[in-house]
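Visitor: I would like to learn how to read the features of a model. Could you take me through one, step by step?

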Amino acid sequence: MTAALSLGTYRVRAVSQAARTALAAGSPWVDTAPNYAHGRAHEELRPLLREYPTVRVATKAGFFTEEQGRTALADGVLTREEAAGRHSLERGFVRWQTERSLATLGRVDLVFVHNPEHDGQGLDRTVLHGRVREAFTALEEFARTGRIGGYGVATWSGLTSGAFSVPELLTLAREAAGTAEHHFTGLQMPVSLIVDAPITQALNGGGPLVQAKDAGLITFGSAPLHGGALLDAMTPELVNLIRPGLSAAAAALLAAGSCPGLDVVLASASTREHWDDAAKALAAPLTAQELKRVTDELASE
């Protein structure tokens, strides 16, 4: 099966416009964060989430804008030094930020701990894992009372740098919950033809996506166009290898969305035409053999 095409709002300037396009086209998920769109993403999404009550909502905890940091400082949940860092996994801050997200969005299905490796730069892994456990503990409280559906980790490099692994994150969730019945339910990581290690690993039956699926997690692939940088590398020959007749963007999304073990691929198409173009391509995923041919070709270059 191909991954479900869903809206990601990172680097989206007109969040409400992108969301209206995606939700009208049937996007099953909206992925956002308190610091996206200079801190305005949640506010722009709120009225649309009321219009589309069945869309599932994922946000994050960790990063914050300078203005949000000043508010957290005034509310006593961050020190001045912590506020200057623009990222925190402190239990009290995660609780405070999630409360604000719920108040603004109205509902949240999944809260990702946002790039926890950022908080651990220069730290011993044991210290970093302790901070992740603290964040999980705060989010377990919300999930246990039904205020959020669950939580997870959205990472850029944590799984590839060795900061943590999927089994380690599951262990931290069990420790945070104090039981095997935890609410760690999602994993988000970059998946693209530039960051293609998750694809090649999954094709070989291993790697974090396979580990996450085996554990019952919902898997999200972020940055399938690598922030637009991938489009420059999508030569006509590469597009034809993926599937003749597609646009460069649709071909890149199809390759990422066909990755084994991936449930959701996040995109931010600017128009309904672009969204429908990608959705049509993803409706017929590449086979494992076809996808392996693509990754083998890229590896040989």
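Guide: Gladly, and let us begin with a single residue. Leaving aside neighbours within four places in sequence, Thr295 is in contact with Ile199, Thr200 and Leu203, where contact means heavy atoms within 4.5 Å. Thr295 is found in helix H15 (residues 288-300); helices here are DSSP runs of H or I with at least four residues, strands are runs of E with at least two, and both are numbered from the N terminus. This is a predicted model, in which local features need pLDDT of at least 70 and side-chain atom pairs count only at pLDDT 80 or more, while totals for chains, interfaces and linings use all residues. Residues are numbered from 1 along each chain as its sequence is written, and side-chain values use heavy atoms, with hydrogens and water left out.

Visitor: Is Thr295 buried or exposed?

Guide: Buried means under 20% relative accessible area, exposed over 50%, and partly exposed in between (1.4 Å probe, protein chains only). Thr295 has 3% relative accessibility, so it counts as buried. Glu43, placed in helix H2 (residues 41-51), counts as partly exposed because its relative accessibility is 40%.

Visitor: How should I read the strands?

Guide: Strands of a sheet pair through backbone hydrogen bonds, either parallel or antiparallel. Two strands are taken as paired if DSSP finds at least two bridges between them. Here, eight strands close into a barrel with parallel pairing, in the order S1-S2-S3-S4-S5-S6-S7-S8. Direction ignored, neighbouring strands of this sheet are turned by 30 degrees against each other on average.

Visitor: How many bridges join S6 to S7?

Guide: Five bridges join these parallel strands, S6 and S7. On to the next pair: S7 and strand S8 (residues 264-267) run parallel and are joined by two bridges, and the partner of Phe220 in S8 is Val264. Four of the five residues of S7 (residues 218-222) are buried, so this strand is largely enclosed by the rest of the structure.

Visitor: Which helix packs on the sheet and touches S4, S5 and S6?

Guide: Start with the strands themselves. S4 (residues 110-114) and S5 (residues 151-154) pair in the parallel sense over four bridges, and Val113 has Val153 in S5 as its bridge partner. Helix H7 (residues 125-144) packs on the sheet, touching S4, S5 and S6 (184-190), and its direction makes about 145 degrees with that of S5. Axes are lines fitted to C-alpha atoms, for helices over the stretch in contact, and angles run from 0 to 180 degrees between N-to-C directions.

Visitor: And at what angle do H13 and H14 pack?

Guide: Helix H13 (residues 248-257) packs on helix H14 (residues 272-282) at about 40 degrees, with the axes 9 Å apart. That makes H13 oblique to H14, given that angles under 35 degrees count as roughly parallel, over 145 as roughly antiparallel, 65 to 115 as roughly perpendicular and the rest as oblique. From H13, Ala250, Leu253, Leu254 and Gly257 meet Asp277, Ala278, Ala281 and Leu282 of H14. The residues of this contact divide into six nonpolar, one polar and one charged; Ala, Val, Leu, Ile, Met, Phe, Trp, Tyr, Cys and Pro count as nonpolar, Asp, Glu, Lys and Arg as charged, and the others, Gly among them, as polar.
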